[in-house]
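These are my notes from a first look through a structure. I set down each thing in the order in which I looked it up.

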Amino acid sequence: MFFLDLFRSFKFALQSLWRNFWLTVVTVIIVTLAMASVSFLLIFNLVANNVVDTVKAKSEIYIDLTEGAKQAQVEFLVAELNKLEDIREVIYISPAQTLERFKGEHANDEVIMASLDSLSSNPFTGSLKISVKDIAKFDELLTELSRDEYGDILEINNSEFFEAKDLLNVISDYSKKVEQFGFGVSLFFIIISIIVVFNTIQMGIYSHREEIGIMKLVGASNWFVRSPFIIESIMYSVFSVLVMVLIFYPLAIYIQPHVDNFLGEYSLNLIDSVSNNFLWVFGLEIGIAILITVISSMFATRRYLDD
Amino acid sequence: MITIKNITKKYSNYTALEDISLHIPSGEFVSLVGQSGTGKTTLVKLIIAEERPTSGEIIIGGWNITKIKSYEIPYLRRQIGVIFQDFKLLPKKTVYENVAFALESCGVAVQIVTKTVPQVLKIVGLENKLNHYPWQLSGGEKQRVAIARALVHKPKLLIADEPTGNLDSINTKEIIDLLLKINEIGTTVLLVSHNRDVVNGLRRRVITVENGKVISDQAKGRYVL
């Protein structure tokens, strides 16, 4: 009995989708547009987060070692710091490497290069290159390293140290703001999309209100009347996400060069990013679409079933 | 078949039916007449549990439906066939599908549906229009589809609420003849009408309602208003 009713509900739903062809087309287009607007924002967030993550990952700080720092002390400190959970990596940079890096950074500055050449010895001490897993932890770490006991090894009182610390704090603040903005705008669009989809489904079922009354008059139970509409809603969601998939890939191929051009080294491969998470991304979208459309159709049919 | 005891139906400060009592035995053909707005359709709505009485009792086939629960209403309606003036056909379903829907909604097996529906449509003379949609049919044909749908689950009671209201005289006669034929095979028929000629031509029991009250109940009556 259950499977027979289910089979009939599917049959009625498919008949209704086909026989109300234009209503189906319009509904699928609206649900697709709603899903597309949310997807666009999710992709925007993905790209923005990628930029922030890349900046964070590249955020590193060089702390100069004092002239008196002994090799054993430095090696011990590097080993200890690398054990910390929040540290991504601590690398010891020798004076020669520091000189090379400095030369590389100022290769176009003739005055600096001339000054360096005039010196008879390497003016740099060694340094530590520190990168952390979470940029927010930098502040904590640098405060820790500012302790007096490291004073013999680390040059923590020079302005470079504090400038780097300030810069990292600014990056950290901006990344939080970007995330909050992305979340806020996404939430706004999600709410708008829910309202649009909800009303579209309500309007679709409104056009069937007389049929619902007739079905009840001939003895159909509420569930028998309601189930084809619910199945229809699920199909709208599935079609919409399929259309989304069909639109996404050509669109991604088209906009990828523009994204690369705009973001440069911080760019993200859109197709790879979505394809690697295909089931998660489109599964989530289909799940959300089904949830919204089914709840909408439950509400809409209940209104006319109660009449 | 139907026993109505002291039924009153009030809508806020308007009384549609007042203290109506009547009994319709099984197999009878009864006409319920009265001018528009006298409460005939309200009585039909009470019988099919589309509305609930303010007071009184309605018993159909031994089932007291006065305080029927919502989930029981479909079971009641599957035992009563109802046809309306405006046919109430499902516009996006074919003739066959409209009739089959009444069986399908009761969970009747596919084989029985495919066997029964063409038979019933043959009885009402629409065996050649199974795949037509309602918009492709004349008024008389639409009403015959509605009759087929009402009959398909072999109800003991058929209620026809102004079934000829939208039909010309030829179609009216055909529909009334069909209702008489249905009555002959043992189905109780309650015909709600304000068509004087139809009611007078039947020479069956006539219950007359005026201002929400039964003013006459004659075994072989005529339209008296």
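**Cores**

I began with the largest nonpolar core, which has 75 residues, and those with the most contacts inside it are Leu32(B), Val99(B), Ala148(B), Ile159(B) and Leu190(B). A nonpolar core here is a set of buried Ala, Val, Leu, Ile, Met, Phe, Trp, Tyr and Cys residues joined through C-beta atoms within 7 Å. A residue is buried if 20 or more other C-beta atoms lie within 10 Å of its own, exposed if 12 or fewer, and partly exposed in between, with C-beta atoms placed from the backbone. Helix α3 (residues 95-104) of chain B gives the largest share of this core, seven residues. Helices (H or I, at least four residues) and strands (E, at least two) are DSSP runs, numbered from the N terminus.

I then listed the partners of Ile159(B): leaving out residues up to four places away in sequence, Ile159(B) touches Val44(B), Ile47(B), Ile48(B), Ile80(B), Val82(B) and Leu190(B). Contact means that the C-beta atoms of two residues, placed from the backbone, lie within 7 Å. Another core, of 21 residues, lies apart from the largest one, and among its residues are Ile201(A), Ile231(A), Tyr236(A) and Ala289(A). As background, nonpolar side chains tend to be buried together in soluble globular proteins.

I note that this is a predicted model, in which local features need pLDDT of at least 70 and side-chain atom pairs count only at pLDDT 80 or more, while totals for chains, interfaces and linings use all residues. Residues are numbered from 1 along each chain as its sequence is written, and chains are lettered from A and ligands numbered from 1 in the order in which they are written.

**Sheet of chain B**

I followed an open sheet of six strands in chain B, in the order β6-β7-β8-β3-β9-β10, with mixed pairing. Strands pair if DSSP finds at least two bridges between them. Because β6 (80-84) and β10 (213-218) of chain B stand at the edges with a single partner strand each, one side of each has no neighbour in the sheet. Neighbouring strands are turned by 15 degrees against each other on average, direction ignored. Axes are lines fitted to C-alpha atoms, for helices over the stretch in contact, and angles run from 0 to 180 degrees between N-to-C directions.

Strand β3 (residues 29-33) of chain B runs parallel to strand β8 (residues 188-193) of chain B, joined by five bridges. Leu32(B) stands opposite Val192(B) in β8(B). Helix α5 (residues 139-151) of chain B packs on the sheet and touches β6 and β7 (157-161) of chain B, its direction making about 170 degrees with that of β6(B). α6(B) also packs on the sheet, touching β3, β7 and β8 of chain B, at about 155 degrees to the direction of β8(B).

**Domains of chain B**

I checked the domain assignment, which gives domain 1 (1-79 + 156-225) and domain 2 (89-154) of chain B; such bounds come from an automatic or database domain assignment. The C-alpha centres of domain 1 and domain 2 of chain B lie 24 Å apart. Each domain of chain B puts 10 residues into the contact. On the domain 1 side, helix α6 (residues 169-184) of chain B supplies the largest share, five residues.

**Chain A**

What order do the strands of the open sheet in chain A have? I found β1-β3-β2, three strands with antiparallel pairing. β1 and β2 of chain A are at the edges with a single partner strand each, so one side of each is left without a neighbour in the sheet. Strand β1 (residues 60-64) of chain A pairs with strand β3 (residues 127-132) of chain A over five bridges, and Tyr62(A) stands opposite Lys129(A). Strand β2 (residues 87-93) of chain A pairs with β3(A) over six bridges; here Tyr92(A) stands opposite Leu128(A).

I also looked at α8(A), whose buried residues are Ile212(A), Ile214(A), Met215(A) and Lys216(A). Their cover includes α9 (222-263) and α11 (278-306) of chain A. Just after α8(A), Gly219(A) takes a positive phi of about 100 degrees.

**Between the chains**

Last, I noted that 16 residues of chain A are in contact with 14 residues of chain B. α1(A) gives the most to the chain A side, with five residues.
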